[in-house]
Amino acid sequence: MTKRKQYVRQTQDFVSEELVAALLEKPSYDFNELFAAIYEKLRARNAAGGGKEMLRLRLYEKLHIMVAQGLVKKAEKRYTAVRPALRARLAEMAAEKAKFQARHSSVLHTE
């Protein structure tokens, strides 16, 4: 019996990038205000595919994961960044993005 290799498509996570950047930019946000800011930035990057409501759900899920990880604090309906933790996450994301781009460019050069 042979085993099949699973193919996992790895892409850049533009939503997380914009979420972290927005939270570091301004002290606190209401969710609707945060969504509007991120949606506009993603549209400018032409990375807002999948529909507005799907993007809203993805952003809400990512935001609550960050709250659970201690990167963001939620007080009532306001989300506030824990700046040192978010800066560390930003550095991790930059390292992952560099690895992704290196892997992606090496695949393009071998074809």
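Arg-78 and Glu-33 meet through their side chains in a salt bridge, 3.7 Å from N to O. A salt bridge here is a side-chain nitrogen of Lys or Arg within 4 Å of a carboxyl oxygen of Asp or Glu. Arg-78 lies in strand β3 and Glu-33 in helix α2, so the pair ties together parts that are 45 residues apart in sequence. This is a predicted model: local features need pLDDT of at least 70, side-chain atom pairs count only at pLDDT 80 or more, and totals for chains, interfaces and linings use all residues. Residues are numbered from 1 along each chain as its sequence is written, and side-chain values use heavy atoms, leaving out hydrogens and water.

**Salt bridges**
- The count comes to ten salt bridges.
- Glu-25 forms one with Lys-41, the closest N and O atoms being 2.9 Å apart.
- Glu-25 lies in helix α1 and Lys-41 in helix α2, so this pair ties together parts that are 16 residues apart in sequence.
- Glu-17, Glu-18, Arg-45 and Lys-97 are linked in a salt-bridge network.

**Exposure**
- Buried means under 20% relative accessible area, exposed over 50%, and partly exposed in between (1.4 Å probe, protein chains only).
- Arg-78 is partly exposed at 33%, and Glu-33 is partly exposed at 31%.
- Glu-25 is exposed at 54%.

**Sheet**
- Helices (H or I, at least four residues) and strands (E, at least two) are DSSP runs, numbered from the N terminus.
- Three strands form an open antiparallel sheet in the order β1-β3-β2; strands pair if DSSP finds at least two bridges between them.
- β2 and β3 (residues 78–81) pair over four bridges.
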